[in-house]
Amino acid sequence: MTDPVLALHDLRLAFKGFTGTTEVLHGLSLSIDRGERVALVGESGSGKSVTARIVLGLIQEMRGAKVSGRLRFQGQDLDRLPKRARHGLRGTAMSMIFQDPTSSLNPAYRIGTQFREVLARGTPGITAEAATARATALLDEVAIPQPDRVLAAYPFQLSGGMNQRVMIAMALANEPALLIADEPGTALDVTVQAQTLRLMRRVVEQHGTAVLFISHNLGVVREFADRTYVIYRGRIVEHGPTEAVFHTPGHPYTRALMAAQPRITGGGVPEIAERDAQYGDPMVVHPTGAAAGAGA
Amino acid sequence: MQAVLRVLLKRLGTSVIVLIGVSMLIFAIARVIPGDPARIALGPNATAEQVEQLRTALHLDQPIAVQYLEFLRDLGQGDLGMSLYTNRPVAQDIAQFLPATLELIFVAGALMILIGLPLGMIAARYRGRWPDDLVRVIAMLGVSAPSFVWAVVLMLVFAFFLPIFPVAGRLAEGFDVPTVTGFLTVDSLLAGDPAAFVSTLHHIALPAFALALSGIGQAARLTRANMVETYDRPYVEMARSYGWPEHRIATRYAFKPSLIPSLTIIGLDFAAMLGNAFLVEAVFAWPGLSRYGVEVILRKDLNAIVGTVLVISAAFLIVNIIVDLLTAVINPRIRYSERAK
Amino acid sequence: MRRVIGILLANPLSLLGVVLVALVVLGAVFADFLAPFPEHRGAVVDFLNFNRPPEWPYIFGTDLVGRDLFSRILYAYRISLMLGVVVLAIAVPIGVTIGLLAGYLGGVWEYLLMRLTDVFLSIPPLVLAMSIMGLLEPTLINGMLAVTAMWWPWYTRLVYTITRGEKEEGYVLAAEVIGASRSHVMFREILPNCVPAVITKMTLDLGFVILIASSLSFLGLGVQPPTPDLGSMVAEGADYLPDSWWLTVFPGLAILVAVFGFNLVGDALRDILGAER
Amino acid sequence: MNRVVKTASAALLATTMLTAALPAAAQTVLRLDEVPVGELDPAKATDNADSILMFNAYDTLVLPAQGGPGHVPHLAESWEIDGNTFTFTLRDGVTFHSGNPMTAEDVVFSIERTRALGQGFAFLFTIVESVEAVDTRTVRITLSEPYTPFIASLVRLPIVDRQAVMANLGPGDGEMGDWGAAYLSGMSAGTGAYRVVAHNPQDETVLERNPDYFLPIAQGAPDRVRLRYGLEAATVRTLLTRGEHDITSQWLPPEVLRALANGGAQILSESGTGAFYIKLNTTKPPLDDVNCRRALAAAYDYETGLRITQVTDDWAQGRPSTGAIPVGMFGSNPAEETLSRDMDAARDHLAACRYDPADHTLEISWIAEVPIEERFALLMQANFAELGFDSEIVRVPWALFTERVSSPETTPHISQIFSNAQTGDPDTLLYPMYHSSTHGTWQSPEHLDDAEVDRLLVEGRTAATPEAREAAYAALNDRLMEVAATIYAFDRNSLFAANPRVTAPALSDPAYAFGLDGMGFSFRLMDIAE
């Protein structure tokens, strides 16, 4: 009960290539409590997306990838878990939603078919009727007006926002303890994105799902996350309650990131100096307990 | 289904235009040849007078445009003229020889799909590892030698040194299968003669495989390429994130979407097979249209050449229309194109 | 460029391809020095040494009139490569230009040019080449003509597809906005984007031209004797199987080696240049 | 899934057993092959394959005598010759496959039909002025000019079932429509010992024994015959080795025949009716000078040429040539007086020639469909180079060849031809080659114009007695050697590899040979061991 949903300790990732080994993550530590929404913020290439994929175990399946450090999920040591059991967590205990909703759904199958398969992961042998009923309920929950029409449709027949909601509904279908959201909705229209995020926030609160929220967009993070980790070049440079990080950014990189952020919540990668000697400064940690409630 | 119908109509229309183009092209080629078709037709012992008569009878003394129109008019009546090679109407020859070739090509096409696609799937599934390299080498070897080389090799190995397959022909002696479709495999089943059916399969196996080899290579490489591309698609990663086993991802998530572009190319591969059948039929003494085509080309049998090329092109277009329709049926994007708009 | 070569040499399969292609090309270019019996490329008879199995100095054996097969294969490579280069040198510019025109101009042009391409594409390639060769006299020039006639449409299709995609790209629109001429847009803006795909296809096609030419020769419609030609050698030798196996096996292998080599290299190039379509 | 597999494999097993259990055919089947296509229409048939079909599915008024010259009665019981009039008395009680009786009307119809269609061997019958049925068993044929070997021509006149054809006329110009061409292209309407049960001109013709044949058929003769077309040499080799074939065509290269003979096949042969001719274009410099032609004829290496045709120690596809007329025909030289190479004579002839070899390049052609000719082309190239002639070798497809020889200018310097006497009589071999009225065909690429040759050719076909004809042909032989329009490379000996179970006296014993190509393939005279 006291165990965090997810705890990463000294996570390192290296790729073996033609020219030798390249380390991508340099000892990253991070934890998420039950029902907590945690953001991992950084520019593209900083290592935030691979972190998400390591949690799911996708990177470990790639050839040439070497992962070290400890990964604990709900008190279990993921690395010690047998492969099958580890695999079994995906889609059930942890799930993920992706950047581009439309291309992340299989174009060759109807939404209903794909939904049923997801449900079957959690409830093997689920009947078609039960699956449809459950899917309808879930779609209803994410405010999709005509669930049966959507279930009968192919992804390319739906709008991006609609597909995003479908994906959220699917991700929550098996009541996972952890939801990983990788730049959700970046491919969408700004207003649609905002709507979806509000919706997602509401739903995860209802389900009590912990969220690892990955984004480069500080505005979005500020709206969504309880706690924030700032990542730069494979290292966490600052972390603490979201409000604290935003109010008093301690690390030069965080400050640069925030300065580059447009005032209005919007897309686009912040333009900041490629490299700065100061960015190598030690990690800044904001005390957690004091501001824990501020974001809620 | 309305969209599928629209695809069909559009393709049929284009095909007719293309076929007219083909007929003009082949007709033009056939008329610019050096040598007098009438003399060739009449053979060695004809007199000059006979040659002149035949020239008039064949309209060879008229302008080429008039000749073409005459040709089209006859074609409309199903008359392709007489073959100098068999001394029979070309239409009759084609009707007799086409089914054997089509049967060979269909079986080879089935082999191509049944062997090529799984090979491609395996290669993509194990991308960059030894099965991938192995499939790549097999596929490339298949493509790298002309089908007549494979035909000769297969015959030597499986009919001469290891006499487990028949050498030539379509059916063993002692069977009598009434002709209904001209496809002996089908006819033997229609005749309710399973032994004859087995015999037809036994006979068609080697030539079909020799013909299919390069197609198998093409199909495998293509499927691999498309699946590799599909594997990089977000929905495959999403499928992985839901923990599907890899074999399931390969068959269900990566295969179907990558089949759609593959199908089009497989349709084109039929064209190659129609051509390569020329080589394989020669080796296995397969009494098909391709072998007929070779003979008439070597003998400058104009009517027969024009007829054969037209029919083969038509067959090719039909196969491609079928492939397009299949694609339309498999690919929901085309099927629902109207609703999407 | 150095990166391309580096990657080519790093993968064992593409390295094999490079080696095979190098062997074929060098063999063809230096045939005069490498062939033990250079005069055997022509009409020479040696009825004392005909139909010999492989033995020194005839490492691939001799043919039915006593000519050294190894020497003839080297010279056959020379003809095949020349044919391949000439065919592509004619077919590629034609095909690429028509593809660019059809893809970029659109409208009536697109319809007419692509239907014309369809006409050529809907006659199976070998059948088209055979018809041309069968009706004209079988000479090397006509052979090139026939193979070229069947080859250009494939480049048209390839370039057409790319052009249609690139036409909508920002850089093309930008060039149009600043008032660049159509030919400038086609040949200076779009064409460079077709180059990787075209080069990859050309590498693969060098092998396939050899293949098609040998198929034509197999049917007696290709290069004429006594000029050495791999397809004719296989065709003539096939009658004497399995006893005089060397007559078929070595020329057959020679075709396989050349086409396989070009395929491996072309395939590797495709991966490297990302010209996958 | 599993159940499906099981069911399928059970079905497969069952059918395999069915195949295995299929009783060995009670019938004996003879399997042979020829080049395509097989022409079934008697008015169009010409090739070897066609001849085999004709000689089995149809009968002719006369047959060549076995083992010697002359002709014996067949459908005609007897005949009388009176100048240009030939009167035949037909055998009684002969019926066609249809059951119709064979009568004089059928003979008349057969000649009329051949002449009307104008194809195949129609040229043999252009000299027929009239043909009439005197009564049901008597036919009278009158020629427009004297032609002694007319009896021989009759072996090329298969007698067709008139009633059957008349009942099956197809559309065409005139009241006779297509003269039954469509009908007869897939069906036999003759009296022959075998009748066609299936015919695919490119694949195979299947014949079966005619139980109502008017002559006794040997007990061991095949019940069924499959004549297959267009098998590749390697295919035939494999089939025969596996015991799935009986007699090969004559077109196999010597190496393949050798391999088959070494593998236990027997060799059958037909000879005496033709030769391999190297034809010199007598209108083109330098070959318009007889001395240059004589030089080439002397320089040609006859021994090596024969060695190319050697199959085994005992068998070769060629026999030494003795002159213009093949050994065994009217007017031929004795078999032991063979031609051979003589370089000294060649140089002497060349010295007498008004051309300098260095000024001319000889064009040596070979027929694309007959690959062995390439070897002879290469041999000649080497031989003639010794005299100082440069030459280029060109490969000409048959169709183009017949086109090129139609005019002297386009005819190559040197052409190679295998030719036979089409009726077995020397007239049908030599007249089309050398008479000045027959220029421009594949048989006459010499374009020879020699009054003496013309005179002797006419004498040969009009002289009334065999002795007189013999004398004429002997003189012709000498004259032809003198004008040296042709190099007589070798006499042709057609060889067939055959399954040892086949006994075919007409193809193995000279005493039973017919002296007409293809007639040895009369299946009724064969014996198939079980």
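The model is a predicted one.

Chain C is built from helices, with 11 of them and zero strands. Read from the N terminus, its elements go α-α-α-α-α-α-α-α-α-α-α. The C-alpha trace of chain C spans about 75 × 45 × 30 Å along its principal axes. Of the 277 residues in chain C, 58% are buried. If we take the contacts in chain C between residues at least 6 apart in sequence, 68% of them join residues at least 24 apart.

Turning to the interface, 43 residues of chain B are in contact with 37 residues of chain C. On the chain B side, the elements that put in two or more residues are helix 1 (2-31), helix 6 (130-144), helix 7 (147-161), helix 9 (194-231), helix 11 (246-284), helix 12 (289-298) and helix 13. Helix 1 of chain B gives the most, with eight residues. Sorted by class, that side of chain B has 33 nonpolar, six polar and four charged residues.

Leaving aside residues up to four places away in sequence, I312(B) touches L274(B), along with P124(C) and V127(C) from chain C. As for T101(B), it sits 211 residues from I312(B) along the chain, with the two C-alpha atoms separated by 10.0 Å.

Methods. Residues are numbered from 1 along each chain as its sequence is written. Chains are lettered from A and ligands numbered from 1 in the order in which they are written. This is a predicted model: local features need pLDDT of at least 70, side-chain atom pairs count only at pLDDT 80 or more; totals for chains, interfaces and linings use all residues. Two residues are in contact if their C-beta atoms, placed from the backbone, lie within 7 Å. Helices (H or I, at least four residues) and strands (E, at least two) are DSSP runs, numbered from the N terminus. Ala, Val, Leu, Ile, Met, Phe, Trp, Tyr, Cys and Pro count as nonpolar, Asp, Glu, Lys and Arg as charged, and the others, Gly among them, as polar. A residue is buried if 20 or more other C-beta atoms lie within 10 Å of its own, exposed if 12 or fewer, and partly exposed in between; C-beta atoms are placed from the backbone.
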